Amino acid sequence: MYSDPIADYLTRIRNAIKAGHRIVEIPASNLKKEITKILFDKGYILSYKFDDSGPQGKIIIALKYHPINKTPAIKGIKRISKPGHRKYVDKDNLPRVLNGLGIAILSTSKGVMTDKEARALGIGGEVICYVY
């Protein structure tokens, strides 16, 4: 049993990219599904499918690579808020990843969203991870 399922989710994606895999399967949860939707909407992954067979279900993610030089769309993915050390920000201190080139995924009172969406709504929350 692992104590941080979000870190496990991010590590599975990171390891699959380093190994050059096209597809990665991850145990599902509602928060992981929301993060996957954001990664798809922002163009970091090619596609995803939620498979609800079994007691927990799983998320099947097709990773995105550049067609010519085979570089991955996700250069880095980093967990920020950990179970032992939560990282909360208010609306005035929302992070900017690589000066706006990357995204920060936040869990807010209005749901899971990117730093840009939270800035537009004027709300803060818990910083889950950085993706660039």
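Mentor: Gladly. Two strands pair if DSSP finds at least two bridges between them. Strands (E, at least two residues) and helices (H or I, at least four) are DSSP runs, numbered from the N terminus. This is a predicted model: local features need pLDDT of at least 70, side-chain atom pairs count only at pLDDT 80 or more, and totals for chains, interfaces and linings use all residues. Residues are numbered from 1 along each chain as its sequence is written, and side-chain values use heavy atoms, leaving out hydrogens and water.

Trainee: How many bridges join β2 and β3?

Mentor: β2 and β3 (residues 58-63) pair in the antiparallel sense over 6 bridges. One of the partners to look up is lysine 58 in β3, bridged to aspartate 51.

Trainee: In what order do the 3 strands of the open sheet lie?

Mentor: The order is β1-β3-β2, with antiparallel pairing. β1 (23-27) and β2 (45-51) each have a single partner strand, so one side of each is left without a neighbour in the sheet.

Trainee: Which residues touch the most other members of the largest nonpolar core?

Mentor: A nonpolar core is a set of buried Ala, Val, Leu, Ile, Met, Phe, Trp, Tyr and Cys residues joined through side-chain atoms within 4.5 Å; buried means under 20% relative accessible area (1.4 Å probe, protein chains only). Here the largest core has 25 residues, and Ile13, Leu39, Ile61, Leu63, Ile105 and Val131 touch the most other members. Helix α1 gives the most to this core, with 6 residues.

How values were computed: Buried < 20%, exposed > 50% of the residue type's maximum accessible area, 1.4 Å probe, protein only.
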